[in-house]
Amino acid sequence: MRALLPLLSLLLLAGCDGGVTETSSGPSGPQSVSQTGGGSSGAGGSSGGGSGSTSPAPTGPTVNPSGIWDVTDTVNGNAVTEVALIAGGKYYALAGADQFGCADITGGTYAIDGSMFKGSGLAMLMNNCNAPNGQGGYLPFTLNGYSTTAGIDLSFVVGGLLVPTLGATMDPLYNEPSSLAKLVGNWDDGGNTLTINPDGTFFEQQSSGCVVNGAYTIIDATHNLYGVSLEVTNCSSNIAGIAFNGLGYLDDKNPNAIHFLEDLSGPDAANAGATVLVSDNITPQ
């Protein structure tokens, strides 16, 4: 999955349609759902579902989950396609389709625990989709992950629903070097112009009147993942004033269709303890 909704159009949708939502509570107990298809292919932040218990994680060398991880599977008859971005204690995933037949954005944090990494956060179901038991909007998740010879395996509980152990494979794009020079210039962001400067800072004046300021930073120059931060100001949108942070990467597999994709989260100032998740897909002008 390489594209979903432009972030800044999604930001405006969030502001107009109530996308800023407090975390939903999980159901009273786990639900059992079936999984078919890709075997070790995988699922990211809020994807998957399965019956039975997950197998214990093997012991081994300290895990390093950093990367761009591709996810493809079939769960409950729904095709799952997802890309997970993992680095520096941050976990984000963008699904074009998940186990509920929804698009979703997942954001959270993780910590290394020997041969495993463990984390938690929120998944936002989009397309007006609902999980079992009538759950919708933002759902809490926890994850356990560990390395395999093929990549990494991930096991989740999402909104109280058990997700089986599923695998993810490294996207070759991760092994490309990162550089702010690759990003300099004007980018199309849902019809608005986002201008990136040589130092990584960027600016966008939206037709709605909102102003976006932010910055891209290099995490590791040998790998294609960037830190992203931004804030929307000068308007009355519900997401104005939120300090968003996240991860992004440059998809240049097709030189005629280059994209920069990013997933971000930030604290909802209007709802204490709540988090807002957004995603962006910009293209060179």
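Predicted model: local features only at pLDDT ≥ 70, side-chain atom pairs only at ≥ 80, totals over all residues.
Mentor: Residues are numbered from 1 along each chain as its sequence is written, and side-chain values use heavy atoms, with hydrogens and water left out.

Trainee: How many aromatic pairs does the structure hold?

Mentor: The structure holds seven aromatic pairs.

Trainee: Why is the pair of Tyr110 and Phe117 called edge-to-face?

Mentor: Rings of Phe, Tyr and Trp (its six-membered ring) pair if their centres lie within 6.5 Å; planes under 30 degrees apart count as stacked, over 60 as edge-to-face and the rest as tilted. The centres of Tyr110 and Phe117 are 5.7 Å apart and the planes stand at 70 degrees, so the pair is edge-to-face.

Trainee: What makes Tyr110 and Phe117 buried?

Mentor: Buried means under 20% relative accessible area, exposed over 50%, and partly exposed in between (1.4 Å probe, protein chains only). Tyr110 has 12% and is therefore buried; Phe117, with 0%, is buried too.

Trainee: What is the geometry of the pair formed by Phe202 and Tyr216?

Mentor: The pair of Phe202 and Tyr216 is tilted, with 4.7 Å centre to centre and 35 degrees between the planes. Phe202 counts as buried at 3% relative accessibility, and Tyr216 is buried at 1%.

Trainee: Which residues form one aromatic cluster?

Mentor: Phe202, Tyr216, Tyr226 and Phe260 form that cluster.
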